[in-house]
Amino acid sequence: MATILADSDSAAAPRDSAVPEAVVVRFAGDSGDGMQLTGGQFTLSTALAGNDLATFPDFPAEIRAPQGTLFGVSAFQINFGSTDITTAGDQPDVLVAMNPAALKTNVGALKVGGLIIADTGEFTKRNLEKAKYEVSPIDDGSLAKWDLLAFDISALTLESVKPFGLGNKEALRCKNMWTLGLALWMFERDRQPIVDWLNDKFKKNPVLAEANIAALNAGHAYGETAELAGPLKKLHLEPVASEPGLYRTVTGAEAVSYGLVAGAQLAGLPMFFGGYPITPASAILHNLVKMKEFGVTTFQAEDEIAAVCAAIGASYAGQLGVTSSSGPGIALKGEAIGLGIMTELPLVIVNSQRGGPSTGLPTKTEQSDLYQAVYGRNGDAPLPVVAARSPADAFECAIEACRIAVTYMTPVMLLTDGYIANAAEPWKVPDPAKFAPFPVEFLRDRNGPDDTLLPFKRDDRGVRPWIKAGTPGLMHRIGGIEKAIDTGNIDYSPLAHQTQTDARRAKVDGVAESIPDQDVCLGNSSGKLAVVGWGSTFGPIHQAVRRMRAKGYDVSHVHVRHIWPLPANLGPLLKGFDKILVPEMNTGQFKTVLRDQFLVDAKPLAKTSGQPFTIAEIQDAIASFFDGVPNNEGGEVDADDTQLPSIKAVNP
Amino acid sequence: MNDMSPIAVQTTLKDWETDQEVRWCPGCGDYAILKAVQRTLPEIGADPAKTVFVSGIGCSSRFPYYVESYGFHTIHGRAPAFATGIKLANPELDVWLVTGDGDGMSIGGNHTMHLLRRNLNCQVLLFNNEIYGLTKGQYSPTSRLGTPSPSSPIGSVDRPAQPCAFALGSGARFVARGFDVSKELPNVLKAAHAHKGAAFVEIFQNCIVYNKDVFEDFAAPKGAEASQLWLKHGEPMLFGNQKTGPIRGIALNRDHLHLEVVDVPDGDWQAAGVIVHDVKNRAIAHMLVEMPFGEFPMALGVLYDDPRPTFEEELLGQDAKANAGKAPDLHKLLAKGQTWTVTEGGPDL
């Protein structure tokens with residue numbers, strides 16, 4: 001069987017040892033093979049079995065890449081088990097390869113001794129050529145260091161769906177369900193939820209539902225037979241002990257959408273969402289159109305600029321304006337965001353980051369828009385920035401962004417990334433009643449002396465009143481030109497600009513007073529080394545710090561949600577550590593902010609391959625602080641051939 | 001127009017003036033347009049609290065500061081997008097969009113097009129002075145061929161855009177034209193306001209500093225009757241003055257499908273083949289906005305007016321229909337899809 005242990009650094013377990021703690025499975029196939037669907041359903045069954053999990057979906061930027069090619073491979077990795085799972089796993093234990101290209105691009109990542117399940121039906125001369133194999137790897141012994149289970153899944157699938165009279169092409173589409181059936185057998189999973197899902201999905205075409213269910217059952221049945229013949233083995237992973245409650249799986253894009261809806265409800269406002277299609281942010285628009293009964297209006301604008309402008313217009317008219325995009329779109333929105341800052345209107349901007357600059361890596365992940373979020377506008381234009389660490393965390397972060405926007409009358413940037421947006425994890429369904437509401441009070445009456453209106457009169461936190469256009473007696477004009485104190489009338493005078501620049505900055509700085517102190521999520525609150533992260537690097541940093549602490553290293557994990565303004569205690573906290581390491585999927589942007597704000601010697605650990613960090617990479621970086629070798633701390637991590645997206649897939 | 005506006009409110013011109021000093025150049029055509037708007041608003045029973053003026057950037061876009069209503073001076077070219085958000089958030093607001101030839105045709109051309117094709121219920125006033133005024137005189141997208149300017153010292157070579165043709169091509173359901181000092185301008189504005197949907201009004205405006213008197217050929221009082229064709233629904237397209245010259249009219253050449261100017265002897269326009277203006281005739285509207293001035297008079301007034309459902313009615317109506325009978329339940333929303341329960345003793349499978 002496959003040697004199945006998530007902790008690659010623990011002692012090698014005997015090959016037939018009992019139950020592993022966690023397993024990493026990667027499904028890989030052609031874009032048309034339905035791997036994301038297979039992965040998604042396997043995720044659901046895993047969650048229903050009570051295992052903790054994390055996933056990593058990876059798919060080509062092309063909508064329909066040519067069949068069988070290396071760059072057309074779509075993959076889905078899941079790490080699950082009976083322990084806390086915070087990453088999609090470093091190296092897979094099991095690889096399901098639906099064609100030669102999928103095998104070629106992914107097998108390098110497989111742990112030695114891991115299991116390959118390959119569909120020989122697809123290992124034709126033509127497909128081998130497309131994958132640049134001269135000889136079939138199934139026959140030439142090149143896969144010897146792994147367990148190989150190669151059989152004709154295509155033929156078995158065709159056989160299983162024969163009674164339904166499908167065409168050859170349609171019948172072969174059931175291959176992914178056959179494979180899923182086998183995977184469900186391997187991990188002792190209940191088939192019923194998948195059967196229910198298929199019946200629902202194909203309710204307009206019951207024959208297709210029946211055929212897919214038949215393929216699923218056939219794959220499952222095959223497991224029973226194959227066990228006798230080969231390396232396939234049934235595995236049961238104990239459910240993880242989690243906090244009691246109601247659970248479901250959630251992706252980051254879903255969690256952001258729910259959080260925005262919840263945030264608007266907590267503010268007591270209807271929400272206006274202006275969006276323009278862009279990968280990987282579009283899912284938020286797709287989700288929100290289904291939530292309109294919560295007072296959500298969605299507007300698919302003509303471009304990114306119109307999307308944010310319409311959202312600001314809606315805020316002026318008294319709704320919570322929200323817009324969402326990815327880096328290139330956020331760049332286009334920059335001028336309008338500046339207007340939101342200048343007119344001091346609430347606005348939530350979600351940036352699902354992807355690799356940049358320019359079009360960059362549309363479907364891959366990166367954290368390289370931090371400078372853009374914190375600094376990326378003309379003029380002195382501060383705005384609060386909040387970053388989600390995981391799909392589930394994105395829910396609370398979205399609520400937090402709404403809270404800051406309406407209580408401080410300011411645009412707020414919420415950073416997620418392609419990984420968070422697409423990945424799924426189990427989520428304890430929150431009780432909406434447990435979140436503190438932050439109801440908005442619009443100005444009702446004139447607020448100045450002698451019955452005058454002062455639209456820019458600031459309260460003790462420097463916040464101006466929100467005046468809903470349409471309110472009788474409160475007519476006023478706002479705009480992007482510098483304004484006089486209190487009245488907001490046009491005023492270019494030196495004193496007005498200095499006063500207002502200072503006031504805008506002080507207001508945003510003051511947000512720090514309303515956010516919790518920075519905590520240390522693992523380890524001591526002072527010591528030798530703090531690993532400081534933000535966003536989706538949470539998982540690998542957390543596991544790396546956990547493992548290094550278990551080995552006796554004095555290392556702590558600090559993960560920052562509030563990127564701007566930073567928590568008030570963060571400076572003193574960091575100064576309690578001898579050394580600081582900041583792993584980021586960019587060239588060191590947050591590191592620069594920390595150095596600038598606190599004059600600390602933060603060392604970067606940069607990764608810019610469009611791949612998330614592995615746990616091992618961060619462990620190595622931590623070790624470099626303790627090995628006595630001077631000047632080797634931090635640095636840059638190279639592209640990793642064992643990880644998704646596969647280097648071979650991108651550059652065959 | 002604003003069907004949903006409550007009861008007409010009694011105001012006077014004074015009620016629509018703000019305490020802000022107007023900062024256009026002395027003699028600028030914008031003064032006359034401002035007065036025409038401030039005169040129109042009381043006549044249509046507009047409520048200052050329900051009225052919003054939205055503008056982009058440019059001389060014309062200072063307009064909202066001078067009207068005692070809600071006003072939003074936004075960023076260059078994007079006023080249509082802000083207006084869309086405002087109107088969708090509160091359809092009761094009566095939205096007026098003020099833009100210029102640079103703001104609305106150049107940097108904001110895209111948004112103008114989409115606002116018109118969506119048919120957001122608002123009035124779009126495009127002040128066309130055929131020049132960039134605020135940035136000190138560069139040629140604009142509507143400048144005539146050969147316009148000398150700081151950025152085209154020996155004359156511009158760009159062919160000018162035609163705002164009304166652009167509007168029609170974008171799917172506008174109301175297209176009208178006027179000019180700053182015209183006595184007819186309030187009537188044009190009233191018609192625009194009465195139209196339910198996006199009402200596009202091109203207003204020729206004299207830039208006294210950078211493009212002085214560029215419209216004098218037809219806007220000067222002297223000879224106006226011979227150079228202006230004021231269109232009225234149901235009336236023949238006649239122009240000229242019997243005392244000073246011939247009465248002429250616009251006829252349709254049916255063999256070659258173009259308009260032509262014909263003489264109308266003895267007032268018998270029917271015999272001369274002069275056509276009757278029909279505001280719902282889109283094909284003729286296309287021809288009217290394209291008539292080259294000189295050979296033809298300048299077509300003014302309501303050129304086209306054929307309403308259809310507005311964007312906010314369609315969008316919000318669809319939402320309301322989809323939401324009917326649905327009770328928003330946040331807890332239910334969050335617990336959507338397949339769920340499982342974990343109890344004290346571990347997962348409950």
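Here are some worked exercises on a predicted model with a chain A and a chain B.

**Exercise 1. Get to know chain B: how many helices and strands does it have, and how much of it is buried?**

Step 1. Start with confidence. The mean pLDDT of chain B is 95, and 96% of its residues reach 70 or more. For the complex, the predictor gives an ipTM of 0.96 and a pTM of 0.90.

Step 2. Now count the elements: chain B has 12 helices and 13 strands.

Step 3. Look at the overall extent. The C-alpha trace of chain B spans about 100 × 45 × 45 Å along its principal axes.

Step 4. Finish with burial and contacts. Chain B has 349 residues, and 49% of them count as buried. Take the contacts in chain B with a separation of 6 or more: 66% of them come from residues 24 or more positions apart.

**Exercise 2. Which strands pair with β6 of chain B, and in which sense, parallel or antiparallel?**

Step 1. Find β6(B) at residues 198-204; 7 of its 7 residues are buried.

Step 2. Sort its side chains by direction. B:A198, B:F200, B:E202 and B:F204 point one way, while B:A199, B:V201 and B:I203 point the other way.

Step 3. Check one partner. Strand β4(B), residues 122-128, pairs with β6(B) in the parallel sense over 7 bridges. In that pairing, B:N128 has B:F204 as its bridge partner.

Step 4. Check another. Strand β5(B), residues 174-179, also pairs with β6(B) in the parallel sense, over 5 bridges. Here B:V175 stands opposite B:F200.

**Exercise 3. Where does β1 of chain A find its partners?**

Step 1. Go to β3(A), residues 73-81: it runs antiparallel to β1(A), and 9 bridges join the two. A:V24 stands opposite A:N79 in β3(A).

Step 2. Then try β4(A), residues 94-97, which pairs with β1(A) in the parallel sense over 4 bridges. A:V25 stands opposite A:V94 there.

**Exercise 4. In what order do the strands of the open five-stranded sheet of chain A come, and which helices pack on it?**

Step 1. Read the order: β17-β16-β19-β20-β21, with parallel pairing.

Step 2. Pick out the edges. β17 (555-560) and β21 (635-637) of chain A each pair on one side only. On average, neighbouring strands are turned by 25° against each other, direction ignored.

Step 3. Zoom in on one pair: β19(A), residues 577-584, and β20(A), residues 602-607, share 5 bridges. A:P583 has A:L605 as its bridge partner in β20(A).

Step 4. α19(A), residues 589-598, lies across β16, β19 and β20 of chain A and runs at about 145° to β19(A).

**Exercise 5. How many residues does each chain bring to the contact, and what does the chain B side consist of?**

Step 1. Count them: 51 residues come from chain B and 61 from chain A.

Step 2. Ask which element of chain B gives the most. That's α2(B), with 8 residues.

Step 3. Sort the chain B side by class: 25 nonpolar, 19 polar and 7 charged residues.

Step 4. Look for strand pairing between the chains. β7(A), residues 245-251, runs antiparallel to β12(B), and 4 bridges join them. A:L246 has B:T341 as its bridge partner.

**Exercise 6. Which residues have the most contacts inside the largest nonpolar core?**

Step 1. This core has 278 residues, and the ones with the most contacts inside it are A:V348, A:C402, A:L414, B:I86, B:V175, B:V201 and B:L303.

Step 2. Find the top contributor: α14(A), residues 393-408, gives 11 residues to this core, the most of any element.

Step 3. Follow B:I86. Leaving aside neighbours within four places in sequence, its contacts include A:G313, A:Y316 and A:A469 from chain A, along with B:V52 and B:V95 from chain B.

Technical notes. Residues are numbered from 1 along each chain as its sequence is written. Chains are lettered from A and ligands numbered from 1 in the order in which they are written. This is a predicted model: local features need pLDDT of at least 70, side-chain atom pairs count only at pLDDT 80 or more; totals for chains, interfaces and linings use all residues. Two strands pair if DSSP finds at least two bridges between them. A nonpolar core is a set of buried Ala, Val, Leu, Ile, Met, Phe, Trp, Tyr and Cys residues joined through C-beta atoms within 7 Å. A residue is buried if 20 or more other C-beta atoms lie within 10 Å of its own, exposed if 12 or fewer, and partly exposed in between; C-beta atoms are placed from the backbone. Two residues are in contact if their C-beta atoms, placed from the backbone, lie within 7 Å. Ala, Val, Leu, Ile, Met, Phe, Trp, Tyr, Cys and Pro count as nonpolar, Asp, Glu, Lys and Arg as charged, and the others, Gly among them, as polar. Axes are lines fitted to C-alpha atoms, for helices over the stretch in contact, and angles run from 0 to 180 degrees between N-to-C directions. pLDDT is the predictor's confidence in each residue, from 0 to 100.
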